[in-house]
Every structure is written in C-alpha cells, then in structure tokens.
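Hi,

Here is the structure I promised to pass on to you.

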Amino acid sequence: MATATKTQKGVRFIGRAEFKASGKVLYRVQADGSANIHDVTVIDGKVTSCVANGETCQGFYYRRQCCHSAFVAALEAERTNREAEKQAYREFEFQCGHYSIPGLY
Ligand SMILES: [Zn+2]
C-alpha cells in the first residue's frame with residue numbers, strides 16, 4: 001500500500017454487545033500481533049474508552065486515539081449509516097404501501 005499515509009496495524013473484530021438501557025455499546029477487538037483483547041466502549045456513537053486487561057490502553061490514554069478505537073469508530077459509523085438507510089427505506093415502504101418486498105431483508 002504505497003498510498004497509505006500512516007501505518008496502522010490490522011485490528012480483528014471479536015464481538016459487539018449493546019446495552020439498551022444505558023445506550024452503551026461494547027466492542028471486543030484484538031490488534032494483529034498482540035495477545036491483548038481490548039474492550040472499546042462507545043456511547044452516543046463516540047468512543048469513550050479502550051481497556052485491555054483492566055487497564056486503559058496506552059494509545060488511548062495518551063492520545064485519546066488508538067488503532068482499536070479508530071477501528072471501532074469506523075465500524076460504528078458504517079453501522080449507523082446502514083441503519084439510517086434501512087429506516088429511510090421503511091418510511092418509503094410505508095408511504096407507498098409496499099409492506100413486503102421479497103429478498104430485501
Ligand atoms: Zn486501544
């Protein structure tokens with residue numbers, strides 16, 4: 001990748017949990033070449049913490065930014081876009097009275 005402006009380690013997605021009551025989303029990720037599992041918390045679409053082995057991730061602690069939080073923020077943004085699209089489509093469906101279009105969901 002000659003065009004890449006900065007080198008970023010690959011991050012692997014492990015899991016996602018949503019706590020509806022508190023509006024909190026928890027992501028579990030792991031960076032390539034690292035044994036540490038990182039738990040990234042997202043509140044209102046913003047990453048608020050990155051924790052590994054009970055301690056704040058060093059990158060996040062010093063810079064409020066690390067490969068884990070960047071990865072999660074991108075996933076979360078993509079997800080929000082998809083939800084908005086689905087919602088827009090549902091509204092369209094409702095207005096037009098098409099309640100089921102096979103193969104779309
Ligand atoms: Zn991190």
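As you open it, please keep in mind that this is a predicted model: local features need pLDDT of at least 70, side-chain atom pairs count only at pLDDT 80 or more, and totals for chains, interfaces and linings use all residues. Residues are numbered from 1 along each chain as its sequence is written.

Let me start with the overall layout. The chain holds 2 helices and 5 strands, and from the N terminus on they follow the pattern β-β-β-β-β-α-α. Both kinds of element are DSSP runs numbered from the N terminus, with H or I over at least four residues for helices and E over at least two for strands.

The 5 strands make an open sheet in the order β1-β2-β3-β4-β5, with antiparallel pairing. Here two strands pair if DSSP finds at least two bridges between them. β1 (11-19) and β5 (55-56) each have a single partner strand and stand at the edges, so one side of each has no neighbour in the sheet.

Going through some of the pairs:

- β1 pairs with β2 (residues 24-31) over 8 bridges in the antiparallel sense, and A17 has L26 in β2 as its bridge partner.
- β3 and β4 are joined by 6 antiparallel bridges, with V51 in β4 as the bridge partner of D39. They form a hairpin with 2 residues between them, and D44 in the turn has a positive phi of about 55°.
- β4 and β5 share 2 antiparallel bridges, and T56 in β5 is the bridge partner of V51.

Now for the packing. Of the 105 residues, 19% count as buried, meaning that 20 or more other C-beta atoms (placed from the backbone) lie within 10 Å of the residue's own. The largest nonpolar core has 16 residues, of which Y27, V29, V40, V42, C50 and V72 touch the most other members. Such a core is a set of buried Ala, Val, Leu, Ile, Met, Phe, Trp, Tyr and Cys residues joined through C-beta atoms within 7 Å. β2, β3 (37-43), β4 (46-52) and α2 (67-96) are the elements that give two or more residues to this core, and β2 gives the most, with 4.

Best wishes

Definitions and conventions: A residue is buried if 20 or more other C-beta atoms lie within 10 Å of its own, exposed if 12 or fewer, and partly exposed in between; C-beta atoms are placed from the backbone.
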